[in-house]
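Please examine the structure shown below.

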Amino acid sequence: MNVKKQFKEGLITQNPVLVQLLGMCSTMAITTSIMNGLGMGVSVLIILTLSNIFIALLRKIIPDEVRIACYIVVIAGFVTCVQLLLKAYLPALDKSLGVFIPLIVVNCIILGRAEAFANKNTVGASALDGIFQGLGYTVVLVIMCFFRELFGSGKLMGFQIMPTSYTPALLLVLPVGGFLCLGALIAVMQWALAKSAKKKEGTKQ
Amino acid sequence: MSVTTLLAISLGAILTNNFIFAQFLGCCPFLGVSKKIDTAVGMGLAVTFVMGLASAFCYGINIILVKLGLEYMQTVAFILVIAGLVQFVEMFLKKSIPSLYTALGVYLPLITTNCAVLGVALLNVQNSYNFIESVIYGITGGLGFLLAIFLFAAVREQLEFADNPKAFDGFPIALITAGLMALAFMGFSGLQVW
């Protein structure tokens, strides 16, 4: 039952990007192709899950005053591991994500979940929270990538999808597209949440 | 290294390659602390200061790491240095400029997790800048952030009274505005110093 609730929270009602508004920088910066989005999403998912588990394990040992510094060291350790693995096995992805891989350290999603969830809950719940929040982040990235890659360059995963007569809307691949796309996506989310809240109210009465 | 290279770096960091509108570094405080012009400017100044300091310190740290053959510890070392610096700035402000300290409030410790600060340290290494270039890049990058957050806060104060579709209330309309500003900043691309 609780698993179901956490799943729903991570993907929809407490989606890290669309509802909690965390981790905007990477969301807008790297969503220019689906490969980038998937790579970044999975990296964050892995780091978030591991750091949530670790911080939940250590939550009784870490003194309250220096907890942020401790969290950052734990997170930076995992980020370095992932960075080295990517460099070794997926050098092309590492190159296209560039500075945004080490910048996962300061991604607010990870620190935010450590502070809001992992230091108050058990190891199992924190691990699940990490997986579902990471999934929520990945889904948003992939949706943004889909629109930006399809309409911005007429391709998906590097394959030409749109007919060759289609002139790609270059604007979407540029930084401007990131802001506009995310803005529109959050607006859709707000509209949908408001609608479902109204519906719930209707059924109660 | 000549004056023109420094000028080119500064111009790039402030206008053509603005940290927010072109590189997406530091978006969280940009969107979070831009509701009022005063706090936005205070935040911008604090970030500029920390970015300059962090560039200088991380340059030194990087030399030590390279000498010891520990380049892979870069991320961990940099973030620790930045966290220490922010703590130091916090204590300094508390003691000497308490008014600014209270105005910045909770946002001061949050500079640690501003990706522009860690980003500038990493970009300095990536671009293999020397000491002076690093510091200049840090400070001008901060100034670019200040310019962006100041302009955005000025627009956003007016946005409160705007009549927009209900679903766009609050955050989405702010993002769209930022997108249009990014479009305006694209006009600077192509600007070069010979």
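In this predicted model, helix 1 of chain A makes a right-handed crossing as it passes helix 7 of chain A. The axes of helix 1 and helix 7 (residues 123–153) of chain A cross at roughly 35° and come within 7 Å. On the side of helix 1 of chain A, the residues that meet helix 7 are A:V3, A:Q6, A:F7, A:G10 and A:L11. Their partners in helix 7 of chain A include A:A125, A:L128, A:D129 and A:F132. By class, this contact between helix 1 and helix 7 of chain A is made up of 7 nonpolar, 4 polar and 1 charged residues.

One residue of this contact may be followed more closely. A:Q6 lies in helix 1 (residues 2–13) of chain A. Is A:Q6 buried or exposed? A:Q6 counts as buried because its relative accessibility is 11%, which is under the 20% limit for that class. Apart from neighbours within four places in sequence, A:Q6 is in contact with A:F117, A:A125, A:L128, A:D129 and A:F132.

| Helix pair | Axes come within | Crossing angle |
|---|---|---|
| Helix 1 and helix 7 of chain A | 7 Å | roughly 35° |

Helix 4 of chain A (residues 67–89) has 23 residues. From its first C-alpha to its last, helix 4 of chain A reaches 33 Å, close to the 33 Å expected at 1.5 Å a residue. Its buried residues include A:Y71, A:I75, A:F78, A:V82 and A:L86. An α-helix has 3.6 residues a turn, so residues three or four places apart point the same way. What covers the buried residues of helix 4 of chain A includes helix 3 (34–58), helix 5 (91–97) and helix 6 (108–118) of chain A, together with helix 4 (74–96) of chain B.

The last topic is the interface of the chains. How many residues of chain A are in contact with chain B? There are 35, and they are in contact with 35 residues of chain B. Between them, chain A and chain B bury about 2900 Å², with 86% of this area on carbon and sulfur atoms. A:C25, A:V106 and A:F179 supply 22% of the area that chain A buries against chain B, more than any other three residues.

Definitions and conventions. Residues are numbered from 1 along each chain as its sequence is written. Chains are lettered from A and ligands numbered from 1 in the order in which they are written. This is a predicted model: local features need pLDDT of at least 70, side-chain atom pairs count only at pLDDT 80 or more; totals for chains, interfaces and linings use all residues. Side-chain values use heavy atoms; hydrogens and water are left out. Helices (H or I, at least four residues) and strands (E, at least two) are DSSP runs, numbered from the N terminus. The expected span of a helix is 1.5 Å times one less than its number of residues. Buried means under 20% relative accessible area, exposed over 50%, partly exposed in between (1.4 Å probe, protein chains only). Contact means heavy atoms within 4.5 Å. Buried area is the accessible area (1.4 Å probe) that two parts lose on being put together, summed over both. Axes are lines fitted to C-alpha atoms, for helices over the stretch in contact, and angles run from 0 to 180 degrees between N-to-C directions. A crossing is left-handed if the near helix is turned anticlockwise from the far one by less than a right angle, and right-handed if clockwise. Ala, Val, Leu, Ile, Met, Phe, Trp, Tyr, Cys and Pro count as nonpolar, Asp, Glu, Lys and Arg as charged, and the others, Gly among them, as polar.
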